[in-house]
Amino acid sequence: MSIRDRLSGNEAIAHAMRQIDPDVFAAFPITPSTEIPQYFAQYVADGKVGTEYVTVESEHSSMSTCIGAAAAGARAVTATSSAGLAFMYEVLYVAASSRLPITLACVNRTLTGPININNDHSDSMGARDSGWLQIYSENNQEAYDNYLQAMRISEHPSVRLPIMICQDGFITSHAVENILLEEDEVVKRFVGEYRPEHALIGRDNPLAVGPYDTCPFCMEHKVQQAEAMKNAKKVILDVAADFERTFGRKYGFFEEYRMEDAEVALVLIGSTAGTAKACIEKLRANGIKAGLVKVRVFRPFPMEEIANALRNVKAVAVMDKSEGYSACGGPLFAEVRSACYDLDTPPKMIDVVYGLAGRDCAVEDIERVYLHLMKIAETGIVGPRYIHMGQRSSQEEVL
Amino acid sequence: MSRTMTEIRWHGRGGQGAKTACLLLADAAFASGKYVQGFPEYGPERMGAPITAYNRISDAPCTVHSNIYKPNYVVVVDETLLRAVDVTAGLDPQGAIVINSPRAPEELRPLLRGYSGKVCTLDARRISEQYLGRYFPNTPMLAAIVKVSGVLEPDRFIADMEASFRHKFASKPQVIEGNMKCLTESMKEVRGA
């Protein structure tokens, strides 16, 4: 039986961690993820978990600790945000290429500068090519549910890649909302034990982790890593199916909301999806066929599936909550636009960069985007393809 | 938003417990079976700086994740904010504003930039100092907004809060009675309700 409760997103992650009782937690605090190691430290102090709680002096060290622990055969976790994730950058690649299934709770926060503690996705988007799996959450419930699924995906023998479970800093991490929690024993059974095929400690087959790899072999190893990322697609869906059988909540690569007959659609990630859903209900009451694709799994990127979801839509706005500084749109736009290239008649598509550094996005802001898309759908004229929402400095305001 | 949802905006100063009051209200509403949101707006906080926190309370799930721009109710935990912050911005004239002040509601109306709705006041300092011996304005203001908004059934609210205090203050039960007295007296004393 699910348990009705109310928790913040950070509490939800810490609760999931307690239920899973990982072998090692490498802890270094940074806003807005700090509460996760803080709550977990209480569980350790209260004897509610058997986890080795390692306090370190930096995020480079917390990830390195996870790498050492995972190489030894332990289930290792950590949490971070923003500059903390950036400081892990070098070792993120080591974790992924060493095929170590570490779980990182990423509470998304913008990267400096100017200094700002609020939410956008620039931290995890910066790590999108590091070889980590990335799953994003709309609210506290999804943060919890995604975390419960993380290890079964990451530790699967055909995957063996580290995983980030992302949620929006403050917007969901510090917002108390209703949530359905699951019983400890059921969660433990669902997640299962970690039994690595290879590990440094307690195994008969000695191995080396992270040695130099010469030119004749190194590329093969990178290609194996790329194959593992492809394999993850099936595993993600299998785990989601088992999650639905066990707990009754359904997940996929993305959520399609009112897409069945949508003429205009948004593609976006995270907490703004909920705001967009409320906007869609409002617009549909006025006869506007609006829909939403909320991307849950960004790595691996579900290319064919997203294209298929958008194939009948007239106009699409991809909403990027990070600036790629590519001069031609954010990272989600690049992926979605590329995915639609193979469609016979791809939808008109624009990129709307929004919500940087915690800039709020209300129902009315989303409504302006849909109305802009309606104009594009009606006239066939796309206009500017790469737009920043609500800029006080912009001379030609589009949105 | 349909009126089945109540949206409340809190204005306070860092250290006064507006965020805590906001989360306590979410707790109490949750206990009475509602769907709730309680969240602060974060910035470079320090003691005394203006802060904002928000509640959505509804009988149906709410998916919106933005700040609240058209609240049904506003709570002002520190009277000096009336000059510093546009506390009535977007406030529903059918709703109300509840201000921590020893003054009468009509004395404060001229500071409210033309707000035409209901104005309520509560001397949270006096009540807090009388029953808790120190100035914790958030508990009295929580009671005041519950009374003024009618968002929760008062007896149920009092019972839920007592259970919550018994849990929260398990190691110092001597403070429970003072906090409960703060709640019940504030509900009686709020002016303009």
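Which residue in β2(B) is the bridge partner of A:Glu177?

1. The partner is B:Gln37, which lies in β2(B). The model under discussion is predicted, and the remarks below should be read accordingly.

2. The pairing between the chains involves strand β8 (residues 176-181) of chain A and β2(B), which run antiparallel and are joined by two bridges.

3. As to the interface as a whole, 21 residues of chain A are in contact with 17 residues of chain B. On the side of chain B that touches chain A, α1 (18-31) and β2 (35-41) each supply at least two residues. The largest share of that side, six residues, is contributed by β2(B), the strand that is also joined to β8 of chain A.

4. In composition, the side of chain B that touches chain A comprises ten nonpolar residues, six polar residues and one charged residue.

5. Within chain B, helix α4 (residues 124-132) and helix α7 (residues 174-189) have axes that come within 9 Å and cross at roughly 150 degrees. Because angles over 145 degrees count as roughly antiparallel, α4(B) is roughly antiparallel to α7(B). The crossing of these two helices, α4(B) and α7(B), is right-handed.

6. From α4(B), the contact draws on B:Ile127, B:Ser128, B:Tyr131 and B:Leu132. From α7(B), the contact is made by B:Gly178, B:Asn179, B:Lys181, B:Cys182, B:Glu185, B:Ser186 and B:Glu189. The residues of this contact between α4(B) and α7(B) divide into four nonpolar, four polar and three charged.

Note on methods:
Residues are numbered from 1 along each chain as its sequence is written. Chains are lettered from A and ligands numbered from 1 in the order in which they are written. This is a predicted model: local features need pLDDT of at least 70, side-chain atom pairs count only at pLDDT 80 or more; totals for chains, interfaces and linings use all residues. Axes are lines fitted to C-alpha atoms, for helices over the stretch in contact, and angles run from 0 to 180 degrees between N-to-C directions. Helices (H or I, at least four residues) and strands (E, at least two) are DSSP runs, numbered from the N terminus. Angles under 35 degrees count as roughly parallel, over 145 as roughly antiparallel, 65 to 115 as roughly perpendicular and the rest as oblique. A crossing is left-handed if the near helix is turned anticlockwise from the far one by less than a right angle, and right-handed if clockwise. Two residues are in contact if their C-beta atoms, placed from the backbone, lie within 7 Å. Ala, Val, Leu, Ile, Met, Phe, Trp, Tyr, Cys and Pro count as nonpolar, Asp, Glu, Lys and Arg as charged, and the others, Gly among them, as polar. Two strands pair if DSSP finds at least two bridges between them.
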